Amino acid sequence: MQKLNRHENSSHVSARVFIKKYKMRNILLALGVLLMLSSCDDYFEPKLTNERTEDQFFANPNYVRGLITYAYRAIPASYNTYGGDFLDNATDNALSNNLTGIMNKMVEIDGYWTAVSNPINNWQSRYDDLKNINKFIEVGLDGTLLYYKSNLERDEAYRQRLKGEAYFLRAFIHFDLLRRYGGVDENGELMGIPLMTASLDINNPDDLSLTRNTYKECVDLIIEDLDIALSANLPEEYRDKDDLGQDIGEDFNTTNLGRPTTVACQALKSRVLLYAASPSFGTSTYTEAAQAASEVLDVIGNTLPNIYNVNNISASFYNNDQNDELIMRRVTGNQNGENGLERSNFPPGVGLIGDGKCNPSQNLVDAFPMANGYPITDAASGYDENNMYQNRDPRFEMTVIYNNQTFKGQTVETFEGGNNMVGAAGVTVENSTRTGYYLRKWMSSKANLVDGNNVNDTHYNALFRKVEIFLNFAEAANEANGPDDTTFGISARNAIAEVRRRAGIDAADPYLASITTKEAMRDLIKNERRIELCFEGHRFFDLRRWNDNLNQTITGVTITNNGDGTFNYTRKDIVTPSYKDYMDYGPLPFNELLKTENITQNQGW
Amino acid sequence: MKYYILFFLTAIVGVVSAQQKKDTIKVQLEDKIPLPFGEISKNKLVGAVDVIKGEDLMHTSDYNVESVLAGQAAGLIVGEGNGSPGLDNTWLKIRGLSRGGSSDQPLIVIDGIANRALSSISLDEVESIQILKDVTAKMLYGSKAANGVIMLTTKRGTNSKSKFTFFQEYGIKTATRLPEYLNSSQYANLYNQARINDGLDPVYTNEDINNYANNPSVLYPDVDFYDEFLKKSTSFQRINAQLIGGDDKTQYFLNLGYIGENGLENLGKNQKFNRFNIRANLDYKVNNTVSMFLDIAGRMDVWDRADITNAEFFNSLSSHRPNDYPLWAGEVGDTDNLGYGARVGTNLVGELARSGYVNNKVYYGQTNLGLNFDLNKHVKGLTAGAYVTFDVYNAIGLGKSLDYSRIRFDDPTDLTQTTRVGTDVLDDKESRKGDNVYQNLGVVANIDYEKSWGKNDLLINLVGVNQTLTRKSSLAGPSTQQDDKNINIGLRANYTFNNKYTIEGTSSYMGSDKFTKDNRWGLYGAGGFGWIISNEDFLKDSKTVNYLKLKGSYGVMGYDRSFDYLLYRDFYVANGNLRTGPKNSSIEYGWRAGQIGNPNLTFEESEEYNIGLEASLFNNKVDLEVNYFNELRTNIPVVLNNALPDYTGNLKPVGNFNEISNKGVDLSIRYSDKIGDFKYSVGTNVIYSKAVHEVFDEINEYAHLNRTGQVTDAIWGWQANGLYQDDADIANHGVTSSYGNIIPGDVKLEDITNDKGDNIIDQFDRKVIGNAFARVNYSLNLNLEYHGVELYLLGQGTSGRDQMLSNSYYWNVGENKYSVQALGSAVPGSVAGATSPRLTSLSQSHSYRGSSYWLVDGDYFKLRTAELSYSFSDRICKKFAADRFKIFVRGNDLFTISKIKDVNPESISSGITNYPMFTTVSLGLKLTY
């Protein structure tokens with residue numbers, strides 16, 4: 001007890017001494033605590049965030065697979081992605097009534113399309129996707145990362161499918177860049193784009209000063225990538241039962257519709273080689289192109305499915321994402337469908353209340369032959385200028401909404417003072433047609449925009465459809481060996497005949513029979529391509545690769561109602577584009593030229 | 001402009017003519033100036049610091065601590081946005097745009113701790129506010145202080161007889177300026193013209209227009225929204241009670257305040273704002289060595305209003321056209337039915353009266369608990385202290401969102417044909433409309449040493465600060481909210497020889513949580529000198545120059561507030577998805593790189609020097625301080641968009657790259673004198689500043705688009721040359737526009753890039769056409785006193801500023817509501833004399849975009865504050881048993897001089913997109929016992 005007391009005392013004393021002696025030190029201690037805090041770096045460590053660090057990322061197969069999932073954005077899910085307009089709005093196929101939209105400016109404002117303001121520029125985004133794909137190829141395919149740890153067989157098959165997807169996407173993106181930027185550069189050489197086949201190191205000066213590969217090198221790599229994709233484990237089609245009636249697992253069944261197939265790889269090959277053989281490029285031969293197309297025909301057959309049905313076109317084709325015509329498609333929006341396309345392009349006015357944006361031109365209307373197969377300019381056609389829309393190719397009816405046509409139970413009036421023209425209820429200059437026509441193609445007749453009665457429908461972007469292969473083949477075979485050569489099984493004439501048969505042109509088709517020369521056949525093939533593939537983003541590039549006239553005056557029609565059930569049609573010139581010759585090839589981004597040393601600009605830009 | 005110069009000249013003449021007067025008001029040079037973590041006598045100060053005394057802020061009926069600072073200090077620039085009840089809608093800049101206008105707000109420090117808002121303080125609690133401007137003054141506040149520091153100190157008790165003050169004020173507020181809009185018939189007429197201009201048919205028939213004008217009805221409504229929905233005036237009330245006192249052991253400051261203000265809403269629910277605040281600052285001396293202090297402050301702000309924000313309300317007033325809908329659908333059944341218009345859809349009466357309510361409460365609590373040690377008996381001149389602070393802030397919104405029906409008339413000939421749009425929702429659950437919390441924890445420790453020997457004076461402060469701000473929003477906030485963390489250790493040594501020559505060194509070791517471990521600490525330093533010339537022999541006995549000091553400082557300090565967190569690391573994020581399968585029935589998620597980290601990121605730095613002169617002249621009647629400042633901000637973080645080719649992908653790292661210089665002069669002069677019992681003083685604060693992009697990450701097609709070398713507040717736009725008079729004029733000019741058709745009455749824009757002969761007006765034809773931030777900000781202050789009658793005037797103005805008149809009031813385009821500006825619009829055929837371009841019914845057009853046509857001189861001068869007060873004589877005070885009794889009448893924003901006459905030149909969208917600013921007149925009294 002005493003001891004304890006003494007102990008207490010002494011500690012008390014020493015404490016007091018401490019206070020006296022070390023009061024100063026106490027205060028320093030307080031500062032010291034702060035200094036300690038500061039030396040403790042953990043204090044400054046930020047909180048855990050929801051992003052994944054590199055280590056976390058590469059350890060997780062779902063994340064790594066996500067690299068190519070993200071790159072799929074390079075495949076558009078709809079057609080009207082050019083400021084809300086179709087790429088065809090920058091061609092003689094149609095005008096947009098969005099006067100300040102980029103497509104319209106391209107057509108109407110001389111000098112608007114420059115290396116600085118390029119409405120079809122997607123350089124940076126697509127290279128961003130290539131970066132993802134290359135990263136995936138580097139880390140996701142070597143077998144160290146397992147997608148199905150418990151089933152190595154499935155893992156292998158799945159990884160092979162991913163490999164096919166990755167190489168298809170790389171080819172698809174490289175080609176998308178190539179057709180926008182490939183061209184004769186200021187040194188007079190036909191150049192492509194800088195090919196991206198591996199991850200770049202931003203600290204490596206070499207990687208920051210790439211040059212453009214030649215057009216041929218680009219085509220070669222695209223073909224090479226497609227061959228790798230074809231040798232990987234992509235199926236010919238995604239289906240639920242195999243030939244024996246067994247269920248196909250989720251990695252390869254129809255839940256994968258929208259991913260590339262071997263047919264899609266071949267179709268892309270056919271397109272790439274056709275472009276490369278075209279007059280503007282000419283780095284490969286039409287024989288190669290015809291061969292590539294015929295390889296697809298070997299798989300899909302020589303007959304086209306009957307999708308055209310004037311009374312039921314939405315359900316049979318435009319809004320049916322599983323129709324037989326499709327080789328690969330991407331569906332718009334989510335599983336509930338949507339009606340954005342109708343909102344933009346339905347005619348304006350009571351009941352339809354669209355924005356009437358895309359206005360097919362009189363030029364396109366005139367391009368449709370008569371139902372008997374004769375072009376309207378042919379004396380034998382039976383065409384009547386005062387009854388323009390009578391007896392036309394059935395595809396016309398399914399592509400264009402014209403005056404007095406019945407659409408969604410309503411008679412469309414595009415005559416002056418009509419219900420779907422300026423001045424009518426809900427129709428302003430901003431949504432009424434400039435050409436006298438509204439767009440029918442891709443529109444769902446099921447969709448409804450009226451408040452309270454809203455109905456959605458399925459829409460898609462048909463990336464590759466069977467008819468394109470027929471047209472590719474016809475063009476290549478005709479150029480290579482003329483209309484009637486059958487080196488590749490069928491002739492160009494056979495292919496075109498099948499396209500026209502399927503479209504509903506009279507079986508006899510005396511006009512086709514009357515064509516004998518390569519040149520006349522070429523014109524017919526071009527015209528068939530134009531009307532079959534309109535509003536699918538082809539014409540803009542087709543005109544350029546053919547070196548054709550980009551500046552056809554775009555025309556429309558003014559219609560007056562005679563009041564007795566007849567109408568008076570007056571053709572009108574609306575605008576003549578002022579594309580320059582050098583605009584067969586697009587401009588490389590101006591900024592990119594400033595930022596790099598070795599990338600050359602195409603001539604003229 | 002003339003007026004301002006006149007004002008200024010009057011002030012100067014006053015100064016000069018009064019040279020001869022003998023009586024002086026002593027300038028107290030020994031006044032201590034509070035600096036970060038210590039105070040220093042004014043004559044030893046080497047830096048640039050403005051001091052605002054709390055009592056100087058007590059002349060105004062504006063109760064917001066931020067806006068009352070306008071014009072109070074030479075280095076501080078304050079701009080007001082709108083007059084929403086209970087909110088500080090202001091911006092503050094010290095010495096202009098030190099970072100070029102973005103993220104250059106000053107650091108706010110209250111009672112030694114940052115991360116506190118000025119708006120958390122009640123004006124009655126303010127002892128003084130220091131504006132720390134130069135690098136030596138700011139240094140010790142560390143890595144957030146480079147834009148300048150506003151340092152507020154609250155009042156404390158005194159060792160004297162306790163003093164109780166009671167204050168009450170009641171006032172009326174009227175909108176300073178409100179925009180004027182057209183009525184229905186005027187609108188219909190002009191909209192028809194707009195349609196004709198666009199080549200379209202008119203929409204309104206003559207009969208329609210006639211009905212709007214002479215026979216308004218539910219079918220032809222003619223609603224004056226501003227008139228119907230806004231009161232002519234609103235009122236506010238302030239009450240404050242304050243007790244100060246103590247003895248040598250205990251001192252206390254106790255304050256209790258109330259503010260009540262009503263909104264302008266006339267129909268439906270009128271907004272009510274109430275504020276209660278309390279504060280107790282206590283000091284207790286434990287013994288000769290240890291003393292303690294405890295400060296506790298709490299505040300509650302409550303807003304009660306309809307379920308519509310102030311911005312939504314005013315945006316509705318300024319966008320709902322007079323003919324959009326009748327407020328009441330009177331003809332149908334009971335008269336309580338609201339009208340409906342398809343274009344708008346809602347009904348503003350319904351929004352205010354039937355949409356439910358919101359009750360927002362904001363609670364602030366601030367506490368400081370500290371210990372001070374007087375260690376004189378151990379080491380002479382040594383003191384030390386430490387304190388801990390803890391603040392909480394909680395904002396909670398509770399309310400109900402209800403709905404209401406409107407009546408649509410379907411047949412113009414038969415008013416019984418109606419449809420009810422929407423349904424009446426009269427009951428719903430009360431729900432959370434907002435929930436934000438933050439906590440601020442701070443620890444400060446300091447050691448001060450002061451010693452004088454012979455002719456030498458030495459002062460050393462050593463200080464460490466650590467503070468952490470934690471935020472949380474329970475409603476839809478970001479998924480991770482980082483804490484703001486700061487550690488700063490600073491040292492200041494100030495040495496004076498012979499009371500003439502001072503040198504000071506100050507240094508700061510700054511910690512930051514924005515960089516990698518290797519880059520988290522930065523050591524920065526600054527030095528300065530002071531030379532009191534008036535203490536030299538040759539000036540010692542001068543009657544003209546009573547005090548004269550030359551001072552200068554130079555240093556570099558770090559800044560990290562402009563950096564986001566974790567910029568140094570690479571990471572990946574989920575992004576995008578792929579849908580596959582029939583009708584997109586399956587989904588798979590995408591991932592991509594989310595950031596290219598830059599591990600080399602380090603502090604942004606501010607290199608500054610300041611040269612100043614302080615003087616008292618003519619028997620101390622004139623006080624003057626002028627400073628030249630030159631700041632160069634380097635290593636400003638910027639996304640390096642131009643360093644990497646675009647073929648490397650979308651992501652670009654952030655790097656330390658841009659540089660901005662900011663130079664200028666600030667000046668304050670005060671002349672004080674008296675003639676018999678008549679005392680007066682006049683003063684002015686002036687600042688000139690100009691910030692320039694010295695280095696800017698950019699690549700442009702044309703040199704005239706480069707920002708490098710341009711002022712940071714440059715207004716970019718097209719050069720306009722009046723309006724096209726007629727078709728011949730258009731043909732002569734020979735340009736087309738990428739923005740729409742050109743007809744007579746459109747703005748004639750200059751085509752400055754025509755290298756391909758294209759003659760197109762496009763984005764590349766823009767250039768610098770003006771500057772948005774005033775080069776000169778100034779204020780004038782006049783104080784008169786005679787036998788208890790006092791007059792206080794404070795005016796504030798700007799010079800060298802352009803204003804783009806680009807809001808919806810000036811741009812009557814598309815389907816917008818038309819203001820009176822539309823009356824002066826050009827009509828093709830008679831363009832001459834028009835005051836605005838031809839109207840257009842299209843939403844995009846050539847004329848309505850930022851060109852010099854819309855640019856006007858944005859300068860203004862405002863009489864911010866006027867107060868006339870009378871202090872009763874002691875004899876009368878005794879009757880109230882009071883020591884002092886003062887009554888006053890006050891006015892705020894009584895007049896504005898500017899070329900902009902229609903809207904408020906300080907904020908042209910006030911009253912249009914949010915509350916207007918107010919002119920206030922009030923009465924009040926102050927009793928002291």
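Reader: Where does Lys583(B) lie?
Author: In this predicted model, Lys583(B) lies in the loop of chain B between strand E25 and strand E26, the latter running over 586-595.

Reader: What is its phi, that of Lys583(B)?
Author: Phi of Lys583(B) is near 50 degrees, which is a positive value in a residue other than glycine. Most residues other than glycine have a negative phi.

Reader: And is Lys583(B) buried or exposed?
Author: Lys583(B) is buried, because it has 20 other C-beta atoms within 10 Å, and 20 or more is what the buried class requires.

Reader: Which residue is the one with phi near 60 degrees?
Author: That is Leu566(B), again with a positive value in a residue other than glycine. Leu566(B) is found in the loop between strand E24 (545-559) and strand E25 (571-580) of chain B.

Reader: Switching to packing: which elements do the buried residues of H3(A) pack against?
Author: They pack against H2, H5 and helix H6 (152-181) of chain A, together with E25 and E26 of chain B.

Reader: How many residues of H3(A) are buried?
Author: Nine of the eleven are buried, so H3(A) is largely enclosed by the rest of the structure. Among them are Tyr63(A), Arg65(A), Leu67(A), Ile68(A) and Tyr70(A).

Reader: How many residues does each chain put into the contact between A and B?
Author: Chain A contributes 73 residues and chain B contributes 67 residues. On the chain A side, helices H1 (2-39), H2 (54-58), H3 (61-71), H5 (123-140) and H19 (590-595) each supply at least two residues. H1(A) gives the most to that side, with nine residues. By class, the chain A residues that touch chain B divide into 34 nonpolar, 23 polar and 16 charged.

Reader: What is the mean pLDDT of H1(A), then?
Author: The mean pLDDT of H1(A) is 44, the lowest among the elements of chain A, whereas helix H8 (residues 262-277) of chain A has the highest, at 97. Over residues 1-25 of chain A the pLDDT is below 50, and beyond near neighbours in sequence this stretch has four contacts in the model. For chain A as a whole the mean pLDDT is 90, and 93% of its residues reach 70 or more.

Reader: Let's do helix pairs in chain A. At what angle do H9(A) and H14(A) cross?
Author: The axes of helix H9 (residues 286-300) and helix H14 (residues 466-481) of chain A cross at roughly 145 degrees and come within 8 Å. The crossing of H9(A) and H14(A) is left-handed. Residues of H9(A) including Ala290(A), Ala293(A) and Leu297(A) take part, and those of H14(A) include Ile469(A), Phe473(A) and Ala477(A). The contact of H9(A) with H14(A) divides into twelve nonpolar, three polar and two charged residues.

Reader: And which residues meet where H15(A) passes H17(A)?
Author: Ala492(A), Ile496(A) and Val499(A) of H15(A) meet Met521(A), Leu524(A), Ile525(A), Glu528(A) and Glu532(A) of H17(A). That contact has six nonpolar, no polar and two charged residues. The axes of H15 (residues 492-503) and H17 (residues 518-532) of chain A come within 11 Å and cross at roughly 35 degrees, and this crossing too is left-handed.

Reader: What does UniProt list for residues 348-605 of chain A?
Author: UniProt lists "domain: RagB/SusD" there, from an unreviewed entry. The end C-alpha atoms of residues 348-605 of chain A lie 39 Å apart, and the span is 28% helix and 13% strand.

Reader: Which residues of chain B does the "TonB-dependent receptor plug" annotation cover?
Author: In UniProt, that domain annotation, also from an unreviewed entry, covers residues 42-149 of chain B. The end C-alpha atoms of residues 42-149 of chain B lie 18 Å apart, and the span is 4% helix and 25% strand.

Reader: Last one: what is Val768(B) in contact with?
Author: Leaving aside neighbours within four places in sequence, Val768(B) is in contact with Gln710(B), Ala714(B) and Trp716(B). Val768(B) has its place in strand E36 (residues 767-771) of chain B, and it counts as partly exposed, with 15 C-beta neighbours inside 10 Å.

Note on methods:
Residues numbered from 1 in each chain as written. Chains lettered and ligands numbered in written order. Predicted model: local features only at pLDDT ≥ 70, side-chain atom pairs only at ≥ 80, totals over all residues. Axes fitted to C-alpha atoms, helices over the stretch in contact; angles between N-to-C directions. Left-handed = near helix turned anticlockwise from the far one by under 90°. Contact = placed C-beta atoms within 7 Å. Nonpolar A, V, L, I, M, F, W, Y, C, P; charged D, E, K, R; others polar. UniProt positions renumbered as here; feature names shortened; annotations may be inferred. Buried ≥ 20, exposed ≤ 12 C-beta atoms within 10 Å, placed from the backbone. pLDDT = per-residue confidence, 0-100.
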